[in-house]
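User: Could you walk me through a few local features of this model?
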Amino acid sequence: TDFASWKDLAALMVPLYERASVISAQGPLRSEVERIRASSKDPIHRAQAALALAQDQVRYIALTMGEGGYVPASAEETWSRRFGDCKAKTALLLALLDELGIDAVPVAVDAGTGDGIDTRLPLVAQFNHVLVRATIKGQEYWMDGTRTGGANLSRLTVPAYGWGVPFPADAKLVRMMPAALDRPWEETSIHMDARGGD
């Protein structure tokens with residue numbers, strides 16, 4: 001590894017997301033921000049609207065060649081072409097949340113075998129996915145722009161990725177495991193009509 005710590009790795013990535021997560025003063029994406037802002041003063045409602053926009057109005061396509069493997073496309077570019085990978089959707093969501101006054105940072109994870117990252121050396125190649133950790137009224141919400149129809153913040157849990165590295169400048173690994181459920185996640189009801197003897 002070329003990194004002495006996870007902080008050094010994050011320092012490489014932070015400027016990429018800062019540059020990508022900007023919305024111009026005028027244009028189609030600015031109009032979306034103002035629409036969300038006008039819809040409610042509640043930050044939960046605004047965050048849900050921003051997440052719904054990133055999830056449902058931008059198609060997910062993996063872009064892993066060249067710089068696309070690590071460098072996020074800008075929020076403006078992603079909105080204009082209406083497709084993007086996890087990095088692009090994260091940058092779009094970060095830009096929207098920032099404009100709406102909601103604190104959020106990107107978090108890199110290994111969506112397949114993330115457990116055990118804390119025992120390894122810091123490497124960018126250990127991560128294959130990025131999502132957003134937003135803080136609203138002291139509560140953390142883990143938002144994944146690549147999903148669809150999952151914008152209800154009350155239903156979001158910590159994803160079971162083992163470990164993740166947020167990209168503030170002073171980053172360190174954070175444990176990512178969901179808490180035990182306090183209520184059923186789903187219910188299944190089966191009705192069988194056996195009156196015919198079958």
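Analyst: What follows covers a lysine, a helix and a loop position. This is a predicted model, in which local features need pLDDT of at least 70 and side-chain atom pairs count only at pLDDT 80 or more, while totals for chains, interfaces and linings use all residues. Residues are numbered from 1 along each chain as its sequence is written, and side-chain values use heavy atoms, with hydrogens and water left out.

User: Where does K89 sit, and how far away is D56?
Analyst: K89 lies in helix α5, residues 86–99 (helices are DSSP runs of H or I, at least four residues, and strands are runs of E, at least two, numbered from the N terminus). K89 is buried and has no salt bridge, the nearest side chain of opposite charge being D56 at 7.0 Å; buried means under 20% relative accessible area, exposed over 50%, partly exposed in between, with a 1.4 Å probe and protein chains only. A salt bridge needs a side-chain nitrogen of Lys or Arg within 4 Å of a carboxyl oxygen of Asp or Glu, and for charge, Lys and Arg count as positive and Asp and Glu as negative, with His and the chain ends not counted.

User: What does the side chain of K89 reach, then?
Analyst: The side chain of K89 reaches the backbone oxygen of G145 at 2.9 Å.

User: Switching to α1, which of its residues are buried?
Analyst: In α1, the buried residues are W6, L9, A10, M13, V14, L16, Y17 and A20.

User: And A62, where is that?
Analyst: A62 is in the loop between β1 (59–60) and α4 (75–81), and A62 counts as partly exposed because its relative accessibility is 48%.

Technical notes
A polar contact is a pair of N or O atoms within 3.5 Å; within protein, one must be able to donate a hydrogen and the other to accept it, and residues adjacent in sequence count only if both atoms are side-chain atoms.
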